[in-house]
Amino acid sequence: MKGSGNLRERKAGRAERIIRTAALCAACLLMTSCQGVHKEEEKTSIRIGVSLYRGDDTFINNIRSIIEEKAKEYERESGIKVTLDIQEAKGSQNTQNNQVDRFISLGCDVLCINPVDRMDTSLIIDKAMTAGVPVVFFNRQPVEEDMNRWDKLYYVGVDAKETAVLQGEMVVDLYRKQPEAVDLNGDGVVSYVMLEGETSHQDSLIRTEWSVQTLKDARVPIEKITGGIANWERSQASALMEQWLTEYPDTIELVISNNDDMALGAIDALERAQAEDVNVIGIDGTTPGLEALEDGRLLGTVSANKETYCSAILELAASCALEEELPEEYPLTDGTYFWTPQEILITKIKENP
Ligand code: GAL
């Protein structure tokens, strides 16, 4: 499906169609009321079923609030009533599959799914295909084989390699401008630890690999002290960091974290150990992440444009629900994937004379 102009134009087009349809129906009624001719009515309301892999994930919670705002905005601008039914799957794929059944039985026009297990979306896809209900997946990317099963499956997310390269570049740039701000003990090597997200998540693997590769490619001298999996969670990261600070006292100069929440966990441990000089970088630009950036506790983060991210989810979903052409403001790669733009946000860069 191809796009068809911006939101305002599409809405104007829709209003015009409603008038034309009304006129046509009146004419039909007058002329052929006995012949049983029906013209499908334009929808004036849509129902969207949203399932989140967990409700206590900071980034996903940020996304949830913005999707809610975007739904209200869409409703105001289009005059189409949007009912959002948002459920949390609490980390259980089974629970999420049941939520999908319920959404379908409630007559949802489209589903927005943040899969619990991105490798196991086939049941959701089976159910959606059988019911003819399109799905916009987001944040946890289903495997390609599943995405290729139907042309009414979409994905909104960020390009994980791009995120990681930006995260690496942030340090490369700082190192080039102020090596002493990164190589804190001046021994010519930047000693780092790595905090990783869930092992099965596409973002963890790719972010871990490419942030480091970017530093290596730019010939920043680095040495890995250690690393560990903290599953995106602040408390797990804090515990790991505490342990590393004891095992490797006065050694760690940089914490590379796959997300902001784990970065904040590392900062918690650094503050307890009064080792706040250590640089910490994250990814996401979550609300608490941005606060930490603001007050200088977090060196930097890579942030997707969340307004665009959530508008893409909502507008794609609404177009599917209304059976309209897809919005061309959100161009889809291979007709399926929308990659949200991202940017580096960094603090602590002192102007070099
Ligand atoms: C990542 C994000 C993490 C976490 C995860 C959940 O993209 O960086 O903070 O929200 O998604 O799937």
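N62 has its place in helix α2, where helices (H or I, at least four residues) and strands (E, at least two) are DSSP runs numbered from the N terminus. The model is predicted, so local features need pLDDT of at least 70 and side-chain atom pairs count only at pLDDT 80 or more, while totals for chains, interfaces and linings use all residues. Residues are numbered from 1 along each chain as its sequence is written, and side-chain values use heavy atoms, with hydrogens and water left out.

**Helix α2**

- N62 is buried because its relative accessible area is 15%; buried means under 20%, exposed over 50% and partly exposed in between, with a 1.4 Å probe and protein chains only.
- The side chain of N62 reaches the backbone nitrogen of T287 at 3.1 Å. A polar contact of this kind is a pair of N or O atoms within 3.5 Å; within protein, one atom must be able to donate a hydrogen and the other to accept it, and residues adjacent in sequence count only if both atoms are side-chain atoms.
- The 21 residues of α2 should span 30 Å at 1.5 Å a residue, and the end C-alpha atoms are 30 Å apart, which agrees. The expected span is 1.5 Å times one less than the number of residues.
- At the start of α2, a side-chain oxygen of D57 comes to within 3.0 Å of the backbone nitrogen of F59.
- Buried residues of α2 include T58, F59, I63, R64, I66, I67 and K70.
- I60, also in α2, counts as buried because its relative accessibility is 1%.
- I60 and N139 are 79 residues apart along the chain, and their C-alpha atoms are separated by 8.4 Å.
- After α2 comes G79, whose phi is positive, near 75°.

**The largest cavity**

- One cavity of 30 Å³ or more is found in a search of the whole structure. On a 1 Å grid over the protein atoms alone, a cavity is a set of points where a 1.4 Å probe fits but cannot get out; lining residues have an atom within 4 Å of a point.
- The largest cavity holds about 220 Å³ of space, a volume being the space filled by probe spheres set on the grid points, which are joined across faces, edges and corners.
- Its lining has 23 residues, and F59, N139, D203, R207 and D284 lie nearest the centre.
- Two or more lining residues come from each of α2 (58–78), β5 (153–157), α7 (202–217) and β10 (300–304).
- By class, 10 lining residues are nonpolar, eight polar and five charged. Ala, Val, Leu, Ile, Met, Phe, Trp, Tyr, Cys and Pro count as nonpolar, Asp, Glu, Lys and Arg as charged, and the others, Gly among them, as polar.
- The largest cavity lies between domain 1 (45–157 + 306–341) and domain 2 (161–303), because both give residues to its lining. The domain bounds come from an automatic or database domain assignment.

**Helix α9**

- Helix α9 (residues 260–272) has 13 residues and reaches 18 Å from its first C-alpha to its last, close to the 18 Å expected at 1.5 Å a residue.
- Of the 13 residues of α9, 11 are buried, and the helix is mostly covered. Among them are D260, D261, M262, D268 and L270.
- A side-chain oxygen of N259 reaches to within 2.9 Å of the backbone nitrogen of M262 at the start of α9.

**Positive phi in loops**

- Most residues other than glycine have a negative phi.
- Q274 has a positive phi of about 50° although it is not a glycine. Q274 lies in the loop between α9 and β9 (279–281), and it counts as exposed because its relative accessibility is 70%.
- N231 is not a glycine either, and its phi is positive, near 50°. N231 sits in the loop between β7 (222–229) and α8 (234–247), and its 29% relative accessibility makes it partly exposed.

**Other residues**

- Q93 is in helix α3 (residues 93–105) and counts as buried at 11% relative accessibility.
- A polar atom of the Q93 side chain lies 3.4 Å from the backbone nitrogen of V116.
- N185 is in the loop between α6 (160–177) and β6 (190–196) and is partly exposed, with a relative accessible area of 47%.
- N185 and E253 are 68 residues apart in sequence, and 8.0 Å apart in space from C-alpha to C-alpha.

Note on methods:
1 Å grid on protein atoms, 1.4 Å probe; cavity = no way out; pocket = protein on both sides within 12 Å on 5 of 7 lines; lining within 4 Å.
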